[in-house]
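Subject: Structure handover

Hello,

Here is the structure for your files. My notes on it follow below.

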Amino acid sequence: MKGDRVEIVVDAGDTTRTYEVVASRAGRRVETAVRRGVVEVSEVTRSGTVVRTARFMATRVLALVEQPVPREDAGEAEPRAQARPLREDPKA
């Protein structure tokens, strides 16, 4: 979802560097994968097309922080107006 973000903290020798991959448009998401010693963070469209990818050596990654955008839960939405009982017809 738009606004989802992954922060990657990498050991850069005598210091650390922080990188961010953000889902920049509506319908995009951020996916992470660890394969063969490489951490891969990608921004992906709804159809699965990769827009951009960041790759880091797994031995250098200190932290991988996923920060999803807060979503509205269906249970927390405003309660619906309750239906009023039907009035009895006074003429009946």
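How many bridges join strand E3 to E4, and do they run parallel or antiparallel? There are 7 bridges between E3 (residues 29–35) and E4, and the two strands run antiparallel. Before the rest, please keep in mind that this is a predicted model.

Overall make-up

The protein chain has 6 strands and 0 helices. Along the sequence this reads as β-β-β-β-β-β. The chain has 92 residues, of which 24% count as buried. Its accessible surface is about 7700 Å², and carbon and sulfur atoms account for 48% of that. Among contacts with a separation of 6 or more, 35% are between residues 24 or more positions apart.

E4 and its two partners

E4 covers residues 38–44. Of its 7 residues, 6 are buried, so E4 is largely enclosed by the rest of the structure. E3 and E4 form a hairpin with 2 residues between them.

Arg36 belongs to that turn, in the loop between E3 and E4. Its phi is near 50°, which is a positive value in a residue other than glycine. Is Arg36 buried or exposed? Its relative accessibility is 87%, and the cut-off for exposed is over 50%, so Arg36 counts as exposed.

E4 also pairs with E5 (residues 50–57). This pairing is antiparallel too, over 7 bridges, and within it Val41 stands opposite Ala54 of E5. E4 and E5 form a hairpin with 5 residues between them. In that turn, Gly48 has a positive phi of about 100°.

E1 and its two partners

E1 covers residues 5–11. Here 5 of the 7 residues are buried, so E1 is also largely enclosed by the rest of the structure. E1 pairs with E2 (residues 16–22) in the antiparallel sense over 7 bridges. Arg5 has Val22 of E2 as its bridge partner. The two strands form a hairpin with 4 residues between them, and Gly13 in the turn has a positive phi of about 85°.

The other pairing of E1 listed here is with E6 (residues 61–67), antiparallel over 6 bridges. Glu7 stands opposite Val65 of E6 in this pairing.

The nonpolar core

Which residues make up the largest nonpolar core? There are 11 in all: Val6, Ile8, Val10, Val21, Ala23, Val30, Val39, Val41, Ala54, Phe56 and Val61. The elements that give two or more residues to this core are E1, E4 and E5. E1 gives the most, with 3 residues.

Leaving aside neighbours within four places in sequence, Val39 is in contact with Ala33, Val34, Ala54, Arg55, Phe56, Ala58, Val61 and Leu64.

Regards

Definitions and conventions
Residues numbered from 1 in each chain as written. Predicted model: local features only at pLDDT ≥ 70, side-chain atom pairs only at ≥ 80, totals over all residues. Heavy atoms only, no water. Core = buried A, V, L, I, M, F, W, Y, C linked by side-chain atoms within 4.5 Å. Buried < 20%, exposed > 50% of the residue type's maximum accessible area, 1.4 Å probe, protein only. Contact = heavy atoms within 4.5 Å. Areas by Shrake-Rupley, 256 points an atom, 1.4 Å probe, with all protein chains shown as cover. Pairing = 2+ DSSP bridges.
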